[in-house]
Amino acid sequence: MTLLAAVDLSLKQWAGAALADGQAVDLGPVELRLGFNSGVAFSLGADLPAGVVLGITGLIVVALAAFAWRATRTATVPVRLALAAILAGAVANLLDRAGDGVVTDYLHSGWFPTFNLADVFITAGAAALVLVSLTGSDRAED
């Protein structure tokens, strides 16, 4: 989990420096383009004070960590990995937001809002949780 969060935070720092002048780097299906989000997913809550958004997201991350801690006792490896990915993305975005009240985004597809690697971790982890839940392989055998 720590490694995933560190990779995202490093990429955010790089993007903030390398793309600050408005430069974009075309990578085919995505483009590296600097953006900032003062809200949460899809800019929800962007008009709220930064401290409120930080406080709410902080509470959500704490609740998620508590849930993951309890769930991993009986969870399979895929569930543990999915929860680790979600928590890594959430922590990375929270730490990024704590500095200046915004989350740094740098992946732009042209047809979807600009996002970051932490968002990919959260989305992929959530999709994996749904998949293992649908297959019934979300609990380890006792």
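Glu31 stands opposite His108 of strand 3 in this predicted model.

| Strands | Residues | Sense | Bridges |
|---|---|---|---|
| Strand 1 and strand 2 | strand 1: 25-26 | antiparallel | two |
| Strand 2 and strand 3 | strand 2: 31-37 | antiparallel | five |

Strand 1 and strand 2 form a hairpin, with four residues between them. Gly28 lies in the turn and has a positive phi of about 95°.

Strand 3 covers residues 103-108, and six of its six residues are buried, so this strand is largely enclosed by the rest of the structure. Asn37 of strand 2 has Val103 as its bridge partner in strand 3.

Asn37 and Val103 are also among the residues that Arg97 touches. Arg97 belongs to helix 3, which spans residues 77-100. Other contacts of Arg97, leaving aside residues up to four places away in sequence, include Ser38, Gly39, Val40, Val53, Leu54, Thr57 and Val102.

Which side chain of opposite charge is nearest to Arg97, and how far away is it? The nearest is Asp100, at 7.6 Å. A salt bridge requires a side-chain nitrogen of Lys or Arg within 4 Å of a carboxyl oxygen of Asp or Glu. Arg97 is buried yet has no salt bridge. A polar atom of the Arg97 side chain does lie 3.2 Å from the backbone oxygen of Ser38.

Definitions and conventions:
Residues numbered from 1 in each chain as written. Predicted model: local features only at pLDDT ≥ 70, side-chain atom pairs only at ≥ 80, totals over all residues. Heavy atoms only, no water. Buried < 20%, exposed > 50% of the residue type's maximum accessible area, 1.4 Å probe, protein only. Pairing = 2+ DSSP bridges. Lys, Arg positive; Asp, Glu negative; His and termini not counted. Polar contact = N/O pair within 3.5 Å; in protein donor to acceptor, adjacent residues only side chain to side chain. Contact = heavy atoms within 4.5 Å.
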